[in-house]
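This report is for a reader who is new to the structure shown below.

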Amino acid sequence: MKQNTKKWIVLAMAGVMALMTLSGCSKAEKEKKETAMGRYTEEEIKLAKGAGYLMDLQQMADGTLRIISMDTSSGEYQVYSSDDGEDWKQGEFPVNVNSEELRPNGGELYLNMAPDGEIMARETCYDDTTMAASNYYHLIGTDGTVTDLTVSVPGSEKDGNEVNGVMFSDSGKLYVTDYHNVLYEVDKTTGTIVKTFDGGGGGIRVSTVTGSQCVLVTDSQVLCYDLESGEPEKPDKVLTDQVLKSMGDKNNSYGGFPAVLFEKGRDGGLFYGCADGVYYHADGGSVCEQIINGQLTSLANPTLGISKMFQLEDGSFLIAGLENGETSKLFRYTYDEKTPAVPDKELTVYSLEDHSYLRQAISLFQKAHPDTFVNLEVGVTGEDGVTREDALRTLNTNILAGKGPDVMIMDGMPIDNYIQKDMLMDITDIVQKIKKSDGMFEYVTDAYKTDGKLYAVPAKFYVPMIEGDGDTVMKSAGSLTDLADRVETLQASNPGGNILQSMSAEELLKELFYADSANWGQKDGSISEDAVRDFLTQADRIYNTRTQEETGGSAYVSNFTTDSARDTLTQYIMGLVTGEGKIGFGTLGAMVNFATVTSAQEQMEQAELEYALLDSGNKKSFVPSVIVGISSGTKQEDLAGSFVETVLGSDTGTQGDYVFSANKKAFDTVKKMQWNANGADEIGGIAITSEEGVLIEFAIKKPSQKDMDRLTSLLESLDSPCINDAAIQDPVMEQGASYLRGEQSLEDAVSNIMQKINLYLDE
Amino acid sequence: MYNRKKRNTFRGLLFVLPSMAGVMVFILVPYLDVVRRSFTGAVSKRFTGFQNYSTVLTNPAFHLACKNTARFAAVCIPILIVLSLAIAVFLHRQGRWGHRLKSAYLVPMAIPAASVVLIWRLVFDNHGLLNGLLSWLHAGTVNWMNTGAAFWVLVFSYIWKNLGYDVILWIAGLGTIPESIYEAARVDGAGEWDLFFRITLPNLFPALYTITVLSFLNSFKVFREAYLVAGNYPDDSMYLLQHLYNNWFRDLSMDKMAAGAVLMTVVVSLLVLLLQKAWGRDVE
């Protein structure tokens, strides 16, 4: 009886405990359902009409904001002021800064403003032969007095070190930075250096002045100095760790602006802004709190370079920047307690590698859909040793578990396999819609057309091209055999000289693979052994014309990870300009890089350079990239569809380096638009040393309309994607490189390649 | 009396239940899911009947992998069993010295696969140590990993790794044979070979079954080294079933994988049952 009572007591207690656990769960569930509210929302502030290029933004001593800008069409400088950053009224400079007096040497003029209204005008001139910069300084007082200054930073005479940045402290003191990011306090009356903040002598990545402090980010720490005393504050490990993590390996954001901006908080804490968002670190605090998530704002846009950050009286933030290297932007971030802390919806996008193009699309999509958080999952980050195979297995496991992504970027993935397995949704309607509104390059969109339906569509593409003297291009652009013949002929007539700029066996094979592999497929789906043999034979002939031995084989990296390394033509064209090569070939994927091709023609006028598609056989091939598709398992079909529209849309296509977008409207817009923020044709320049040791100044200009039209017709003639399957490309590269280096015979290499490819295809 | 027996059976079941639950949850239920998947599409999950089996059975890569796996087992297991038995008998006779030497054979098992792979690459690379030696001997070099030689590299790797384990198992078996039987046979004038064939071998028969089954199962583990040395697509001669399953998983071919796995289970189970039956009869 006693035993039975005990049993009942134990059972009752167990029951009570179970009930408590269950009730605890439901409470937790309820809490989970209550959405946390409050988030900084982004609002783009329209700058005054004609403001153009934003040169400086300053919060004045009275709290008003002032902008110095340059009208890109007239080249004139203007000043605008606003109380709250909303309405901008044009003001006047204390003196006429547009007069020749401030630019007696005809150089470029940079204007920076102090909180009290003083302006530092810096004229930068470049030596025609050495390209060395020299600066001339004029300090403009609020009363219009102009004081000429001579500022000389250490090393200016010895190694050409010069000032590259000017800033003022809250108290109006003048500071400059040099090429090494060392910060100097400069006496405004004499121009002499009063204090030096050199970060202890280590490499400085970013240096800036905020409030009464300066912040220097070195390779290993964040150093804060008191500007008055010049004494460093106690190193802050928390701040250092978070800032260095946010910066990664970047020192600069797009357009050469610092990767991080600092702003001193009113309570003594420090804010810092970067592509990840805005963080706050209380003085001596144990965390860096993310107060603005960059992923939900334009900050994550890879083509936005941020240049200035201020916290306003009401706690909101102003961040200025330059988008695409040409459009000035000003954003206000205001805390809205009625907005959910995190967006209601989440769209998962999966890609094996990180693409800047994809980031731009996400940024644009995020802007248009503030209620959606786009979660970009990158399979191979390069930070954790995960290989493509590992990443694909993890992705497959997630898909089978019902946790797959909504949208997939399928570069490096077995696309045909996924289509066969009904893993992808038919997106023909979306593509048709864009075709109707913008027009698209059909050969690109149809690259993976299956049974009349589109499941995967490349958003951009690269094209194999060759540049060399007219005769060479005419005789060698049509087939690999012709190319090898021509290279050998040139070698025979130029014994000992370089025909191609130095290329490793892997690099050569990769470039030729893009041009030739579209011809390898046979009707039954197999790969032609003869085509592979011929490919290796011709590659070997070209490789053997090199005059320098390879210093060390560059390990072949599977093609899907090399998107950024695909735009290779410009690199090989440099050999033409310096005289290190007679032919340059590689892939071209952006209008900005096409400018290098046409500029090389202008530069080497006497050599009569020509460019053409590098094709082979009957196919004119291209390299598809950012291949987008929607997972058939998605529960957010409409949202995923909108995202695909953004990826394939014209807005994404006109960003960054103006990549070759599948979207025709984007392509046409890029052709018409201004490429330089100041409206000039010249979009950049490179100083390179020729074979004889002579410094060559290579100016890169926007291509002429004629060249643009020619490029359009060349691109319109393309018809086939190259083989874009790593399982086929990898053995060709590995065994092919081994053959080119003489480690195995042609037959052995071909046999090994075919054995691996056939095994893959048999599976 | 009857009630007590029933209660004991119930208690016995309670003891078995936890491990049985583990086997059910982690092996039997997932396996039933594999069987289910073998009759459905990879992602669509539509019923496809025997389509997956038909696809797998007509797949040339599956044929090659089955052939190689069977060849590998047929070559490796006899070599391993005979070699390990010979070493075990030798060590057993050495007394204390043999006991110390025994531990040396276990060293390969303690070396991590990544280190083994590094050594294999150093040894079997085109410019590796082995080809260096062959070249020094003017014997001509061999492309070890891209010719039929790759199979023998794999055989060597398997035997090197598992020899010690089998030696230990044989020594354990040898330890169960009473010394008095040997002494009686010696008194009757039996020679060393007679002792081995008429006493040692028959008494080791029960151990042989266990060692064969374990060696067979261990033969599947050689894939790890093969994959790390030669990747997804090694030379045809060393392309095993695990390569195929690994690649099918990467390509999300769950349908083919499931059908292949069911077929493989059937074959392995049949083999084990056959072995069991053969051993049972012989032991009797």
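## A four-stranded sheet

In chain A, 4 strands make up an open sheet, with the order S6-S7-S8-S9 and antiparallel pairing. Strand S6 (108-113) and strand S9 (146-149) of chain A each have a single partner strand and stand at the edges, so one side of each has no neighbour in the sheet. On average, neighbouring strands of this sheet are turned by 25° against each other, with direction ignored. The model is a predicted one.

At one end of the order, strand S8 (residues 133-140) of chain A pairs with S9(A) in the antiparallel sense, over 4 bridges. In this pairing, A:Leu139 is placed opposite A:Thr147 of S9(A). As a general point, the strands of a sheet pair through backbone hydrogen bonds, and they do so either parallel or antiparallel.

## A hairpin

Strand S12 (residues 183-186) and strand S13 (residues 193-197) of chain A also pair in the antiparallel sense, over 4 bridges. Here A:Glu185 stands opposite A:Lys195 in S13(A). The two strands, S12(A) and S13(A), form a hairpin with 6 residues between them. In the turn, A:Gly191 has a positive phi of about 85°.

A:Asp422 is not a glycine, yet its phi is positive, near 55°. The residue is found in the loop between helix H5 (415-420) and helix H6 (428-437) of chain A. Is A:Asp422 partly exposed or buried? With 16 other C-beta atoms within 10 Å, A:Asp422 is partly exposed.

A:Val626 also has a positive phi in a residue other than glycine, with a value near 45°. This residue is found in strand S30 (residues 621-630) of chain A. Around A:Val626 there are 26 other C-beta atoms within 10 Å, so A:Val626 is buried.

## Contact between the chains

Chain A and chain B touch: 22 residues of chain A are in contact with 21 residues of chain B. On the side of chain A that touches chain B, helix H4 (388-400) and helix H19 (746-762) each supply at least two residues. H19(A) gives the most to this side, with 7 residues. By type, the residues of the side of chain A that touches chain B divide into 8 nonpolar, 5 polar and 9 charged.

## Annotated spans in chain B

In an unreviewed UniProt entry, the annotation "transmembrane region" covers residues 12-32, 72-91, 103-123, 143-160, 195-217 and 257-275 of chain B.

Two of these spans can be described from the model. Residues 143-160 of chain B are 67% helix and 0% strand, and the end C-alpha atoms of the span lie 21 Å apart. Over residues 195-217 of chain B, the chain is 100% helix and 0% strand, with 31 Å between the end C-alpha atoms.

## Confidence in chain A

The average pLDDT of chain A is 83, and 90% of the residues score at least 70. Where in chain A is confidence lowest, and where is it highest? Confidence is lowest in helix H1 (residues 2-33) of chain A, at a mean of 59, and highest in strand S26 (residues 407-409) of chain A, at 95.

Over residues 552-556 of chain A, pLDDT stays under 50. For this stretch, the model has 12 contacts beyond four places in sequence.

Methods:
Residues are numbered from 1 along each chain as its sequence is written. Chains are lettered from A and ligands numbered from 1 in the order in which they are written. This is a predicted model: local features need pLDDT of at least 70, side-chain atom pairs count only at pLDDT 80 or more; totals for chains, interfaces and linings use all residues. UniProt positions are given in the numbering used here, feature names are shortened, and annotations may be inferred rather than shown by experiment. Two strands pair if DSSP finds at least two bridges between them. Axes are lines fitted to C-alpha atoms, for helices over the stretch in contact, and angles run from 0 to 180 degrees between N-to-C directions. A residue is buried if 20 or more other C-beta atoms lie within 10 Å of its own, exposed if 12 or fewer, and partly exposed in between; C-beta atoms are placed from the backbone. Two residues are in contact if their C-beta atoms, placed from the backbone, lie within 7 Å. Ala, Val, Leu, Ile, Met, Phe, Trp, Tyr, Cys and Pro count as nonpolar, Asp, Glu, Lys and Arg as charged, and the others, Gly among them, as polar. pLDDT is the predictor's confidence in each residue, from 0 to 100.
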